[in-house]
Amino acid sequence: MVGFEIESAPSKERKPFVGYDVPEGVDIRGRYDAEFARILTKDAMQFVAGLQREFRGHIKYAMECRKDAKMRYNNGALPGFDPATKYVREAEWVCAPPPPAVDDRRVEITGPVERKMIINALNSGAKVFMADFEDALSPSWENLVRGHVNLKDAVNGTIRFNDEARNRVYKLNDRNIAKLFVRPRGWHLPESHVFIDGEPVTGCLLDFGLYFYHNWSAFRKNQGEGFGPFFYLPKMEHSREAKIWNSVFERAEKMAGIEKGSIRATVLVETLPAVFQMDEILYELREHSAGLNCGRWDYIFSYIKTFQAHPDRLLPDRVQVGMTQHFMRSYSDLLIRTCHRRGVHAMGGMAAQIPIRDDPKANEAALDLVRKDKLREVKAGHDGTWAAHPGLIPAIMEVFTDNMHNKANQIHSMKREDAAHITQDDLLQIPRGVRTLEGLRLNTRVGIQYMAAWLTGTGSVPLYNLMEDAATAEISRVQNWQWLKYGAELDGDGLGVRVSHDLFGRVVEEEMERIEREVGKEKFKKGMYVEACKIFTRQCISPTLDDFLTLDAYNHIVVHHPMGSSKL
C-alpha cells in the first residue's frame with residue numbers, strides 16, 4: 001500500500017511504509033521506485049494477473065509438449081510436417097490484410113528498450129523499430145520496468161534523453177518516425193520479481209500486459225492509424241503456442257473495447273520445429289497476424305539443440321553457416337512462399353554488422369557483404385529485413401527500394417510457387433563446411449564476453465564488428481557443447497585434433513587471457529568476466545544440454561527487496 005504507516009510503539013520518528021499498491025494475490029519483489037509505480041499500478045497489475053490466471057495452465061501444457069518433443073528427437077525422431085494438420089496447409093485461406101500503417105516494412109531496426117536507443121531507432125530512417133524485452137535485453141528489474149517507462153513516453157511522443165557527457169538532448173523528430181513493434185520474452189522465461197498466487201509470473205505476459213495496458217489508446221492514435229499495438233513474438237515451437245497468443249490478444253482487445261484484429265504480431269520463425277508449423281501458426285493468428293520473420297541466428301542454435309543427441313549432425317564453424325547453406329535457403333524460401341500465399345509480410349533476417357569507423361576499407365567491405373545479403377533476400381521475395389545499427393539503414397533501404405521498384409511490399413508479386421516442393425529433407429539437410437580451432441576459440445571468446453555483459457545489465461553487445469545478442473551467444477555455447485560431447489574432429493586445420501575437455505580447458509584459459517588484453521586489466525577486473533567464464537564453461541561441459549543459456553544465468557541478476565523497503 002502506498003503511504004501506509006505501520007502502527008508501532010511511540011517514537012520520536014515514524015517512517016512511512018511505502019510500496020506498490022497491488023491487487024490481491026500479487027507480490028512485487030523488485031525495488032520500489034516512484035517512477036516505476038506509474039507503470040506497476042493496481043489496475044495494470046490486475047490486468048496482468050488476469051492474463052496469468054487464465055493462461056498459465058495452457059502455457060504449462062505447451063511447455064510440457066516441448067519436453068515431449070525434445071524426448072522424441074533425443075530418441076532419434078526428426079521434426080517434420082504434422083499429418084494431422086495437412087488440411088490447414090492445403091486449404092485456401094488468407095490472413096487479415098496488413099494495416100496501412102505497416103504496409104511498408106522495407107527496413108526494420110532492433111534494439112533494447114533503453115531510452116537513448118529508442119529515440120535513435122525511432123529517428124533512424126527505418127520503417128519499423130522493434131523494441132526488445134527479449135534477446136537484446138538483460139532482464140534486470142531496473143531494465144525491465146524502466147523500459148516500460150521509456151516506451152510509454154515514446155508512444156506519447158514526449159520521450160527525451162539528456163546526455164550530459166556529450167552535452168546533447170535527444171528527442172523525437174517531427175516526422176518520419178519508425179513504427180513501433182514490441183517483442184516480449186518467450187513463453188519459457190519467468191519473471192521472478194513478480195509473483196502471482198505464489199509463483200513467478202510468465203515473463204511475456206508481464207511484458208505484454210504492462211505495455212498494452214498503458215499504451216493501446218495512445219498508440220492507435222499516434223502510431224497505428226486506428227490499429228495496434230504491434231508485436232513480435234519469439235521462440236515458438238508449435239502452433240498451440242500461437243493459439244495462446246491469439247487468445248491473449250482477444251482478451252486484451254475485449255478489455256480495451258477495441259475491435260477484434262486490432263492487435264497485430266509478426267512471429268519469429270527461429271526454432272527448427274516451427275518451420276514445419278508455419279501455415280498452422282499463421283492460421284491460429286490469422287486475424288492478428290503481421291507475417292513471419294526469419295530469426296536466423298536462433299534458428300541455427302535451434303538446429304543444434306534439436307539434434308543434440310544426433311552425432312551425425314555436427315555443424316561446421318558458425319561463421320560458415322549462412323543463408324547460402326541449403327537448409328537455411330530452404331527455410332527462407334518456404335517462409336516467403338507461405339507468407340505470400342496467406343497475404344502477409346515475409347521478413348528477412350538480421351544484418352549484425354556495425355560500422356568500423358577507424359578502418360574505411362574494412363567498413364566498405366563489411367557494407368558490401370550486407371548489400372549482397374540483402375540483395376539475395378529481396379530477390380528471393382522478402383518484403384523487408386532487419387538491421388542492428390542505424391549506419392546500415394541507407395544501404396539496405398537502397399537495395400530494397402531499387403529491387404522492389406518503389407512498391408511497399410512483394411506480397412502479391414512474388415508468390416514463390418517453386419518453393420511448394422521444399423521437403424523435410426531440404427529443411428533438415430546437414431550444413432557443409434569444416435570445424436577449426438579458431439571456431440572453437442571464437443565461440444568461447446564471444447560467449448564469455450556476452451555473458452559478462454549480460455550479468456552487468458547489457459543484453460546487446462558489440463564484439464568484433466558485430467552486434468551480438470543472446471542468439472549468437474547461444475550458438476557459441478551449444479556448438480561448443482556439441483563438439484565436446486562427441487569429440488568432434490577439427491577437420492579444417494589439417495591436424496586431426498579432436499575436441500576434448502583438456503583442449504577446451506586450454507582454450508578457455510588462453511581466451512580469458514586474450515579478453516583481458518583486449519578490454520584492459522582495469523575493465524577486466526571490474527567486470528564479471530570470471531563469473532561469466534564459470535557459467536559459460538559449466539554449460540559447455542555439462543553432460544546434458546541446458547535449454548537456454550540465460551535461464552541458468554537468470555538467478556544471478558534477480559534481486560528481491562522487502563516490500564516497500566527501498567523508496568528512493
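Biologist: How much space lies in the largest pocket?
Modeller: About 860 Å³ of space lies in the largest pocket of this predicted model, where a pocket is an open set of points on a 1 Å grid over the protein atoms alone, fitting a 1.4 Å probe, with protein on both sides within 12 Å along at least five of seven lines, and a volume is the space filled by probe spheres set on points joined across faces, edges and corners.

Biologist: Which residues are closest to its centre?
Modeller: Of the 31 lining residues, Trp297, Val319, Gln353, Leu369 and Leu466 are the closest to the centre; lining means having an atom within 4 Å of a point.

Biologist: And which helix gives the largest share of that lining?
Modeller: That is α12, with six residues, and α12 spans 360-380; helices are DSSP runs of H or I with at least four residues, numbered from the N terminus.

Biologist: What about the second largest pocket, what is its volume?
Modeller: The second largest pocket has a volume of about 450 Å³, and among the residues closest to its centre are Arg66, Glu237 and Lys305. α2 (42-74) and α10 each supply at least two lining residues, with α2 giving the most, eight.

Biologist: How do its lining residues divide?
Modeller: Into seven nonpolar, five polar and eleven charged, with Asp, Glu, Lys and Arg counted as charged, Ala, Val, Leu, Ile, Met, Phe, Trp, Tyr, Cys and Pro as nonpolar, and the others, Gly among them, as polar.

Biologist: Which residues do the totals for linings use?
Modeller: Totals for chains, interfaces and linings use all residues, while local features need pLDDT of at least 70 and side-chain atom pairs count only at pLDDT 80 or more. Residues are numbered from 1 along each chain as its sequence is written, and side-chain values use heavy atoms, with hydrogens and water left out.
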